[in-house]
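Trainee: I would like to go through this structure step by step. Please put the terms in plain words as we meet them.

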Amino acid sequence: MRIEITRSGGFGGLTRTWSLEVSRTEAEQRWLPLAEAAADEGAGGAPSDGSAAGGGAGPRGRGPARDRFTYRIAIGYTEVDLPESRLGDPWRELIDRARAAGTDDGAGTGTGTGTGTGTGTGLRDAGPARSSSADPGKPEELL
Amino acid sequence: MHIRCSIVPPHLLTRLAALRDPRLSVASDAARHALLELDPLLQIRAEALGAPVRRGSAVVGTLTRRVYDAGSREELPGNLVRGEGAPATGDAAADEAYDGLGATYRLFSEEYGWSSIDGAGKPLEATVHYGSNYDNAFWDGERMVFGDGDGEIFGRFTASLTVISHELTHGFTQYSSNLEYQGQSGALNESLSDVFGVLVEQRELGQDAADASWLVGAGIFTTAVEGTALRSLKAPGTAYDDDILGRDPQPATMADYVETAADNGGVHINSGIPNHAFYLAATTLGGPAWEGAGRIWFDAVLGGGIPPQCDFRTFAAATNEAAEKRFGTDSREAGAVAEAWVQVGVLP
């Protein structure tokens, strides 16, 4: 099963996407429960890195952090948005694996008009989840 | 006491002129007098200083810096490596952060009479060497945090003064307008950090508006990247064009406004529009940008006309009002600001 990780925000506002393939068993036993738990927690989770309370610039930019990264992790049809401050060790391991897998889908601005595929966890809006099938390795053209 | 304008720079005179300490009233009067002899712009500013922007108690703060080293871990704040007045550490990132905090403090304090990010001398903190190959710099609500970069795309983030001043201005915004970090108000939050970020650098370099690069983050890309900086206030959308990074996505006008859910609604993208408006106003006025346009933007932020969910039009109106209030309804400053917002399509 394909897992796609999109990182947006940061000082530069550069969006980057990485992906990796995991077995269906691994996805169902390890990552999907974690994604669903994270979605249930919403934006209320505690930051994991000792930063200011409420840490990340999560959905609707709540919390005092500015210029931090936001991660969108898509596991099949399930998507979860996580501010960097809420990334626990399992997610960090997954991101490291995806980056190491060398399937960097390139960087772009994430400004495409894609409707996304987020039908799984009922998050607020699916947004422009980059379709990695569209010319991988090349950034999306602007509108 | 006699102050000679040829020796004391105008920004120092302005600072002295704004002093409210009765023990220094002679120096303060002399500075106000010296400012009157400089030029019409400074005359207006000297008069305007009679009506201080800051409300409440006139706390005279001092500069207090603390730089920490995270030792490549992602834990804050890390170990204190340099406190205020301590000698240089020899570590480039720590010393750049220390100097950058000072330069940012000086702009707000000496030009606008605003001590630190909260107006009351709050200690300024920075953490360097955050994480491993960490390619970002951010404001966590209490301090600035800098990574060393991945070495492939980004080098260390303290290498550009504009990055340090950008992050610290997020602190100023948090304690003043507290613009919500989403959509247009988020883009304004970003724009204020870029605007005062470049102003800090321009003032340190003594550059007039016409001579400045107007770049944010110049020098933090490695040589492998096709690009000069992360953003350009002069020409949004032209800072980089690279195989891996793609093209600088910033619009300069409302006609190219980008609707997106990523990046908190494109806060680092649509900031190009208010950024360019500031550039247009500053270059129309000429001279040091922190004095004319910068002063107006600062006044607007503290003027009460910017709600947390402020949109571009409301912000534009607040700067127009601030320009008229400080420089006069028919002043060239007010005209330049109004025209800039028209040119970027924010006001009709």
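The questions below go from chain A to chain B.

Trainee: What kind of model is this, and how are residues and chains labelled?
Mentor: Residues are numbered from 1 along each chain as its sequence is written, and chains are lettered from A and ligands numbered from 1 in the order in which they are written. Side-chain values use heavy atoms, with hydrogens and water left out, and this is a predicted model, in which local features need pLDDT of at least 70, side-chain atom pairs count only at pLDDT 80 or more, and totals for chains, interfaces and linings use all residues.

Trainee: What percentage of the 143 residues in chain A is buried?
Mentor: Buried means under 20% relative accessible area, exposed over 50%, and partly exposed in between, with a 1.4 Å probe and protein chains only. By that rule the buried part of the 143 residues in chain A is 50%.

Trainee: Where does H1 of chain A have a kink?
Mentor: Helix H1 covers residues 24–41 of chain A and has 18 residues. The expected span of a helix is 1.5 Å times one less than its number of residues; H1(A) reaches 24 Å from its first C-alpha to its last, close to the 26 Å expected. The bend at a residue is the angle between axes fitted to the seven residues ending there and the seven starting there. In H1(A) a kink of about 35° lies shortly before the proline Pro33(A), at Trp31(A).

Trainee: Which elements do the buried residues of H1(A) pack against?
Mentor: The buried residues of this helix are Ala27(A), Trp31(A), Leu32(A), Ala35(A) and Ala38(A). Contact means heavy atoms within 4.5 Å. The packing partners in chain A are strand E1 (2–9), strand E3 (69–75), strand E4 (78–83) and helix H2 (89–100).

Trainee: Is Arg24(A) buried or exposed?
Mentor: Arg24(A) is found in helix H1 of chain A. Its C-alpha atom is separated by 5.4 Å from that of Met1(A), 23 residues apart along the chain. The relative accessible area of Arg24(A) is 51%, so this residue counts as exposed.

Trainee: Is Arg86(A) buried or exposed?
Mentor: Arg86(A) lies in the loop between E4 and H2 of chain A. Thr70(A) is 16 residues from Arg86(A) in sequence and 9.6 Å away in space, C-alpha to C-alpha. Because its relative accessibility is 12%, Arg86(A) counts as buried.

Trainee: Why is E4(A) largely enclosed by the rest of the structure?
Mentor: In a regular strand the side chains alternate between the two faces of the sheet. Thr78(A), Val80(A) and Leu82(A) are buried on one side of E4(A), and Glu79(A), Asp81(A) and Pro83(A) are buried on the other. E4(A) is largely enclosed because its buried residues number six of the six.

Trainee: Which residue is the bridge partner of Arg72(A) in E4(A)?
Mentor: Two strands pair if DSSP finds at least two bridges between them. Within E4(A), the partner of Arg72(A) is Asp81(A).

Trainee: What is the order of the open sheet of five strands in chain B?
Mentor: The pairing in this sheet is mixed. Its edge strands, each pairing on one side only, are E2 (79–83) and E4 (137–139) of chain B. The order is E2-E1-E3-E5-E4.

Trainee: Which residue in E3(B) is the bridge partner of Arg66(B)?
Mentor: E1 (residues 65–69) and E3 (residues 124–128) of chain B pair in the parallel sense over five bridges. In E3(B), the partner of Arg66(B) is Glu125(B).

Trainee: How many of the 21 residues of H4(B) are buried?
Mentor: H4(B) reaches 29 Å from its first C-alpha to its last, close to the 30 Å expected at 1.5 Å a residue. Gly113(B), with a positive phi near 65°, follows this helix. H4(B) is largely enclosed by the rest of the structure, because its buried residues number 17 of the 21.

Notes. Helix = DSSP H or I, 4+ residues; strand = E, 2+ residues; numbered from the N terminus.
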